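Work through each one with the structure open, then compare with the solution.

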Amino acid sequence: MGTERKRKVSLFDVVDDSAAKKLNGGLNGGNSMTASINKWNGKPYSQRFYDILEKRKTLPVWHQKEEFLQALKSNQTLILVGETGSGKTTQIPQFVLDAVEVETADKRRKYMIGCTQPRRVAAMSVSRRVAEEMDVVIGEEVGYSIRFEDCTSARTVLKYLTDGMLLREAMADPLLERYKVIILDEAHERTLATDVLFGLLKEVLKNRPDLKLVVMSATLEAEKFQGYFFGAPLMKVPGRLHPVEIFYTQDPERDYLEAAIRTVVQIHTCEPPGDILVFLTGEEEIEDACRKITKEIGNMGDQVGPVKPVPLYSTLPPAMQQKIFEPAPPPVVEGGPPGRKIVVSTNIAETSLTIDGIVYVIDPGFAKQKVYNPRVRVESLLVSPISKASAHQRSGRAGRTQPGKCFRLYTEKSFHNDLQPQTYPEILRSNLANTVLTLKKLGIDDLVHFDFMDPPAPETLMRALEVLNYLGALDDDGNMTRLGEIMSEFPLDPQMGKMLVVSPEFNCSNEILSISAMLSVSQYSLMKQMVSSRLYASADLQWASAVITNFFSSTQLLCPA
């Protein structure tokens, strides 16, 4: 940022001793009458609250609560490394909330604690869990904000939101003055929005001494975060892991999907009880695997117990996503072989969600990654090998409740020689046109000197500026035009934003809306919707498939980015 922004308002200190003492007195004894009343909604605590509280006290992060609060009080920025399953995502925001004064001069609104998540499914499921732990109603004191859905109110004091939503909030409120503490969770995933937030919050912290920042990561790349955030202190929380035995294949697998299904069947027929987690790359593969697993095990009859394959991917409806937390099916007959739940997931289940009961993990070693070629201006999702850090996170999922096993469907030699140590940051492999437009909207004009943790290639930035200038979003001096300001309000690629803005001039808004919607979802999702739709129930599906394929091919040429 070239010039510093002026402070708009003076806020009081984030953590005070009286609030922290009140917290300790409330949960560790104190006045029994006060302790039995929920301070957030004024109602008595339910028995469910006390049951969950006992479980919370067993989490590794609970034992470092005082240490964390002291570190937060003494520093503006804090880096926290916690193994998956340590409880950091659910507990740290609650610790902060109890030690921070959220009342404002305006009694109708309160300051908030914001906790970002890279994925929508994590923001929704974690906020529901935390609302249950605090004994409040979701959408009231605890809420979430994701694209197309804002489940918050004026009473909300703890908000889980995707990193992209916080970035959009910053457009309207550059100093994020409604927040007292911002927690960036799953920072190791290094999504595009998270990397932009790093640079943005680093500047906001200079202008708001009262704002506190907690960066949480599940991997030890945190030393890099320390150096970036002015040498912020590092706090480590151990995970609650049992030993995990790791198996590799003798030879490389030709078809990892078939190998994964075969491994599921072998585990179900030969291994002791325990749920299975299978990592695959996308929606189509996952749905296909669930069908094949059901068929394969169904053919075995009563020799084996029943199975319950559960898919998990980002576009799955929320009600379907909650099925991953349901128990395994009971035996078909009393005393028969026990049932088993099989969760088939994308890399969402690596760190974002913790599913209890998983004992076996199957890791084919692949995930879909966004890749951008600035020369031909095409962005695509490619199935690519995962990093060693991701492989470590996946295997750790097997040791949550008891000793587990991880079956890696690749050779040990491949693990050591072919996998990168860390996942390549998304900002280095993405089309930056939308990011540049967002930064311009935020008033950041000097993009070359913007403090990225990993600066993107100058060629990628130049291509993004060229595209925005060609679309009329930026003028020849690189300043945002009125058209660019309107385009930045749409959570779309600039090409589609421009199409929508100018469509009324050509009387084709409905058609352009349909095209934009079709281009915003995967081809597989669109086909599935068409097949299940009554409109196409009697249509020639082969013809429909050809039409859609041709449509996507032609529109990708028209709108390459």
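**Exercise 1.** In which sense do strand E14 and strand E15 pair, and over how many bridges?

Solution. The model is predicted, so local features need pLDDT of at least 70 and side-chain atom pairs count only at pLDDT 80 or more, while totals for chains, interfaces and linings use all residues. Residues are numbered from 1 along each chain as its sequence is written, and side-chain values use heavy atoms, with hydrogens and water left out.

- Locate the strands: E14 covers residues 366-373 and E15 residues 378-385. Helices (H or I, at least four residues) and strands (E, at least two) are DSSP runs, numbered from the N terminus.
- Read off the pairing, which requires that DSSP finds at least two bridges between two strands. E14 and E15 pair in the antiparallel sense over 8 bridges.
- Inspect the hairpin: 4 residues lie between the strands, and Arg 377 takes a positive phi near 55 degrees.

**Exercise 2.** State the strand order of the open sheet of 8 strands.

Solution. 

- The order is E4-E3-E5-E2-E6-E7-E1-E8, with mixed pairing.
- Strand E4 (149-151) and strand E8 (234-237) are the edge strands, each pairing on one side only.
- Within the sheet, E3 (residues 142-146) and E5 (residues 158-162) pair in the parallel sense over 4 bridges. Tyr 144 stands opposite Tyr 160 in E5.

**Exercise 3.** At what angle do H5 and helix H6 pack?

Solution. 

- The angle between H5 and H6 (residues 120-134) is about 55 degrees, and their axes are 10 Å apart. Axes are lines fitted to C-alpha atoms, for helices over the stretch in contact, and angles run from 0 to 180 degrees between N-to-C directions.
- H5 is therefore oblique to H6. Angles under 35 degrees count as roughly parallel, over 145 as roughly antiparallel, 65 to 115 as roughly perpendicular and the rest as oblique.
- Contact (heavy atoms within 4.5 Å) involves residues including Gln 94 and Leu 97 of H5 and Val 126 and Met 134 of H6.
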